[in-house]
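Hi,

Here is the structure I promised to pass on to you. Please have a look at it first, and then read my notes below.

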Amino acid sequence: MEIDNRMRITNNNPDCGIVNIMLHDVCNYKCSYCHPYHYGGKNRWPADWENYVDLLNDFEKNNEYMLVSLLGGEPTLMPKFDEFCKKINSPNRIIEICTNGSRTLRYWNQWPEDLNAYIVFSWHY
């Protein structure tokens, strides 16, 4: 009997799409484990969100559910980041915000409760 040892990528949930968006490379930290590509500041945040909205709407045509991961740099440094999240919010989308946790509780307390999102904090020792 021959064993096939090749790695395979499978999708056990074919109606769920995963989209990772690196919004910019602006960060207020320079962590030793992070490549300068993620904090160099050369690729600033987008001036217009419509391309992202259009992209997600196109993906939604083929995926009933979506996980949208927002990365950076530090994504929360993008001006009006909360408004961007509201713009892409949808009942069938989960927004994952990957952050270094440097924002204050006051910043997070102003977020709307109905935003279908969760936060992933990286730990800086």
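**What I found**

Cysteine 27 is partly exposed, with a relative accessible area of 26%; here buried means under 20% relative accessible area, exposed over 50%, and partly exposed in between, with a 1.4 Å probe and protein chains only. Before I go on, please note that this is a predicted model, in which local features need pLDDT of at least 70 and side-chain atom pairs count only at pLDDT 80 or more, while totals for chains, interfaces and linings use all residues. Residues are numbered from 1 along each chain as its sequence is written, and side-chain values use heavy atoms, with hydrogens and water left out.

Back to the cysteines. A search of the whole structure turns up zero disulfides, a disulfide being a pair of cysteine sulfur atoms within 2.5 Å. Cysteine 27 is in no disulfide, and the nearest cysteine sulfur, that of cysteine 31, lies 6.3 Å away. For cysteine 16, the closest cysteine sulfur is in cysteine 98, at 15 Å, which is too far for a bond. Cysteine 16 is also partly exposed, at a relative accessible area of 23%.

Now the overall layout. The protein has three helices and four strands, in the order β-α-β-α-β-α-β from the N terminus. These are DSSP runs numbered from the N terminus: helices are H or I with at least four residues, strands are E with at least two. The C-alpha atoms fill a box of roughly 60 × 35 × 25 Å along the principal axes. Of the 125 residues, 33% count as buried. Among contacts (heavy atoms within 4.5 Å) with a separation of 6 or more, 65% come from residues 24 or more positions apart.

Which residues of α2 (residues 81–88) are buried? They are Phe81, Asp82, Phe84, Cys85 and Ile88. They sit on the same side of α2, because they cover an arc of only 160° around the axis; the arc is that of the directions from the helix axis to the C-beta atoms. Their cover includes α1 (50–60), β2 (65–71), β3 (93–99) and α3 (105–109).

In α1, Tyr52, Val53 and Leu56 are buried. These residues span an arc of only 100° around the axis, so they are on the same side of α1. An α-helix has 3.6 residues a turn, so residues three or four places apart point the same way. The buried residues of α1 pack against β1 (16–22), β2, α2 and β3.

Most residues other than glycine have a negative phi. Lysine 80 is in the loop between β2 and α2 and is exposed, with a relative accessible area of 53%.

Finally, strand β4 (residues 117–121) holds tyrosine 118, which is partly exposed at 36% relative accessible area. Together with Ile94 and Val120, Tyr118 forms a nonpolar surface patch with about 230 Å² of accessible area. Areas are Shrake-Rupley values with a 1.4 Å probe.

Best wishes

Definitions and conventions:
Patch = residues over 30% accessible without salt bridge, like charges linked within 9 Å, V, L, I, M, F, W, Y side chains within 5 Å. Salt bridge = Lys/Arg side-chain N within 4 Å of Asp/Glu carboxyl O.
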